[in-house]
Amino acid sequence: MIRIILLVLSSLIYTQITAQDDNLFNVNTIPLELRIKSNAVVRSDYTHINVIDYDKFVFTNKRIITVLNKEGDYKIGAFQHYDDNIKIQDLEVRIYNSLGKEIKKIKKNEFKDVSAVPGGTLYSDSRVKYLEYTPINYPYTVLFETEVVYNSTAFIPSWRPIEGFYISTENAEYKISNSSEISVKVKTSNFKDYNIKRLSDYHFIAKNLKSIEPESFSPDFSTYAPFLKAALTKFEMEGVKGVNNNWVDFGLWMNNNLINGTQELPQNVKNTIKQLTATVNTDMEKAKIVYEYMQNKTRYVSVQVGIGGWKPMDAEDVDKLAYGDCKALTNYTQALLKEVGVTSYYTIIYGDNKLLDIDKYFSATQGNHAILCLPNNEDYVWLECTSKTSPFGYTANFTDDRDALIITPEGGKIVRTKTYHASENLQEIAANIFLDENGSVLGDIHIQSKGAQYGEHEGIQNKTIKEQELYYKDDFWNDLNNLEILKMAFCNDKDSIVFTEDVKVKISNYSSKAGNRILFQPNVFNKLTKTPARYKNRQLPFVIERGFTDIDAYQIKYANQLEIEAIMEPVSIQNKFGSYTLSITTANNIITYKRKLILNKGSYSKEDYEKFRNFYLSVKKHDNSKIVFNSKT
């Protein structure tokens with residue numbers, strides 16, 4: 001009875017606070033500064049979270065957004081997830097034209113209702129209702145109202161007063177009411193530079209926040225835009241109670257309630273894995289055998305069921321079915337390692353090409369991916385268990401260089417995954433080139449890639465021949481016209497984590513002609529073709545997330561009918577962003593061309609951006625330098 005009364009009071013409070021203001025539906029009332037560089041304007045967004053107990057909260061939201069153009073359609077945000085523990089009480093949308101006249105009303109049962117996860121997911125108990133609406137004219141305004149009861153409290157909705165690029169906010173309010181005895185944790189980030197008032201520990205109002213425009217090399221949006229996270233110190237995830245005062249608590253909950261009891265293996269599998277590792281002595285050798293066994297036996301399938309999608313499948317089921325998601329395959333690999341006496345830790349992480357950290361200062365249900373951590377002396381080895389092809393210990397480009405949560409029997413611990421430095425992210429191109437009297441080129445190219453650059457190249461081996469040719473023509477060497485691929489061969493050394501490509505090409509009319517002269521660019525196969533965008537008034541700092549090293553060495557033999565008239569001078573540039581060197585020598589109709597480009601990882605101020613751009617422009621200019629030949633005939 002008490003809970004019912006609280007739900008009713010919550011609804012009454014919500015109705016009072018969010019009395020409708022007709023001006024919010026009229027486009028003409030939007031302040032001019034909020035229209036600038038905006039595809040949509042949030043006129044009003046009121047979020048109220050009423051925490052009733054450790055296992056229940058009520059979420060209500062009233063949102064009015066004006067969409068200014070087609071690019072703003074996806075900003076509407078008229079959707080709501082649900083499952084067995086998330087019950088939608090109310091859901092409604094009203095559409096208004098530019099003058100604020102209502103033109104359409106959509107009730108709960110008229111929303112599209114689909115699985116909340118991609119089509120590649122085998123099992124999922126999560127669904128989403130969303131608005132499917134094709135506008136007749138722009139601008140238009142959408143009023144979205146929802147009330148939802150959550151019986152699983154591990155995920156408290158966060159708040160982004162600015163929701164993304166090219167969207168401004170006129171009014172936004174976020175409030176947590178706590179009628180339970182459970183403590184609520186709140187962390188705000190980047191509020192001080194915006195018009196956001198803190199009315200209490202759990203009540204915030206934002207007004208007239210201008211849109212943010214993306215800029216090249218800018219850091220992740222969450223690092224500079226305002227963001228609020230909330231969590232309960234005691235929570236429930238689908239019937240499993242947890243404590244969350246810190247990461248130690250949270251890790252203990254995961255270890256004791258989600259992982260323990262899921263790692264029993266069939267006896268024949270235990271026998272097999274012990275036999276396979278019987279003759280090796282070190283933990284890393286055993287781990288490598290186990291990892292390759294897992295890769296050969298299983299495949300990745302998304303399975304989003306079981307305690308909020310966080311509990312892994314039993315290892316015995318993974319072994320029987322020969323598939324699993326990231327949680328299941330990580331857990332299965334850990335179970336195999338345990339059988340041969342190798343310690344490993346189940347790990348929660350953000351998997352993404354961008355570097356996204358688990359927030360070490362705020363324990364909560366974070367992350368979107370699971371990997372495995374192996375202690376190795378004073379360091380760690382990381383295993384990506386969803387890939388059938390990744391080398392042992394290779395994590396570049398998706399889980400590298402970020403804070404992750406490892407789950408130990410003693411609790412959770414934040415550790416940093418491997419950082420691949422510029423010297424490790426190496427690409428070396430060696431080429432023997434013949435330049436004929438007409439300016440055409442024949443080339444034998446040998447490419448070796450390591451580190452992050454290995455990950456960018458090795459996938460080509462799994463493509464069809466047609467796809468491989470298109471990769472070279474349309475992607476890797478898209479600046480080369482008339483390119484013909486004559487031969488291709490690949491070698492993937494997974495032990496050394498080196499990928500090798502041997503490619504033979506012909507480029508007709510590669511060089512340009514001016515009378516009897518041929519203008520030849522000696523950097524045939526690794527020219528810098530793109531440069532950072534120019535900004536008159538850069539607003540954001542910039543980040544080079546991954547450094548790299550490119551080394552190029554070409555032997556260029558030219559036809560006897562040609563003689564050199566002019567050749568470039570050596571180049572050497574060095575600054576905090578990196579370095580660039582170029583040298584060129586000639587002897588006996590052979591030009592030796594050497595180039596080295598290093599780009600340093602780092603975070604830099606917006607004031608440094610123009611210097612960084614000039615460095616790129618300089619590299620591009622020298623990469624396009626030409627040798628002038630005279631034709632003897």
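Which residue in E22 does Leu 372 stand opposite? Keep that one in mind, everyone; we'll come to the answer once the sheet is laid out.

Thanks for having me. What you see above is a predicted model, so please read everything I say today with that in mind. Let me begin with the overall picture. The protein has 633 residues, and buried ones make up 51% of them. Its C-alpha trace spans about 100 × 70 × 40 Å along the principal axes. In secondary structure, we have 10 helices and 38 strands. And if you take contacts between residues at least 6 apart in sequence, 71% of them join residues at least 24 apart.

Now, the sheet I'd like to show you. Five strands make up an open sheet, ordered E22-E21-E20-E23-E24, and the pairing is antiparallel. The edges are strand E22, at 379-383, and strand E24, at 411-416; each has a single partner strand, so one side of each is left without a neighbour in the sheet. From one strand to the next, the twist averages 35°.

Back to the opening question. Strand E21, residues 369-376, pairs with E22 in the antiparallel sense, over five bridges. Opposite Leu 372 stands Leu 383 of E22. Another pair to look at is Pro 375, whose bridge partner in E22 is Tyr 380. The two strands form a hairpin with two residues between them, and there Asn 377 takes a positive phi near 60°.

On its other pairing, E21 runs antiparallel to E20, and five bridges join the two. Here Ile 348 stands opposite Ala 370 in E21. How enclosed is E21 by the rest of the structure? Largely so, because six of its eight residues are buried.

What packs on this sheet? Helix H3 touches strand E20 (345-349), strand E23 (403-408) and E24, and its direction makes about 115° with that of E24. Helix H5, residues 283-297, lies across E21 and E22 and runs at about 155° to E21.

H5 also meets another helix, H4. The axes of H4 and H5 come within 9 Å and cross at roughly 130°, which makes H4 oblique to H5. The crossing is right-handed. If you'd like to find the contact on screen, look on the H4 side for Val 269, Thr 272, Ile 273 and Leu 276, and on the H5 side for Ile 289, Val 290 and Tyr 293.

H4 passes H7 in a right-handed crossing. Val 269, Lys 270, Ile 273 and Lys 274 of H4 make this contact with Tyr 332, Leu 336 and Glu 339 of H7.

Let's go inside. In soluble globular proteins, nonpolar side chains tend to be buried together. In our model, the largest nonpolar core has 65 residues, and Val 93, Leu 131, Trp 159 and Met 254 have the most contacts inside it. Which helix gives the most to this core? That is H3, residues 247-259, with six residues.

Leaving aside neighbours within four places in sequence, Met 254 is in contact with Ile 259, Trp 310, Tyr 346, Ile 348 and Ile 407.

Is Lys 175 buried or partly exposed? With a relative accessible area of 21%, Lys 175 counts as partly exposed, because buried means under 20%. Lys 175 and Thr 47 are 128 residues apart in sequence, yet their C-alpha atoms are 6.3 Å apart in space.

Terms used: Residues are numbered from 1 along each chain as its sequence is written. This is a predicted model: local features need pLDDT of at least 70, side-chain atom pairs count only at pLDDT 80 or more; totals for chains, interfaces and linings use all residues. Side-chain values use heavy atoms; hydrogens and water are left out. A nonpolar core is a set of buried Ala, Val, Leu, Ile, Met, Phe, Trp, Tyr and Cys residues joined through side-chain atoms within 4.5 Å. Buried means under 20% relative accessible area, exposed over 50%, partly exposed in between (1.4 Å probe, protein chains only). Helices (H or I, at least four residues) and strands (E, at least two) are DSSP runs, numbered from the N terminus. Contact means heavy atoms within 4.5 Å. Two strands pair if DSSP finds at least two bridges between them. Axes are lines fitted to C-alpha atoms, for helices over the stretch in contact, and angles run from 0 to 180 degrees between N-to-C directions. A crossing is left-handed if the near helix is turned anticlockwise from the far one by less than a right angle, and right-handed if clockwise. Angles under 35 degrees count as roughly parallel, over 145 as roughly antiparallel, 65 to 115 as roughly perpendicular and the rest as oblique.
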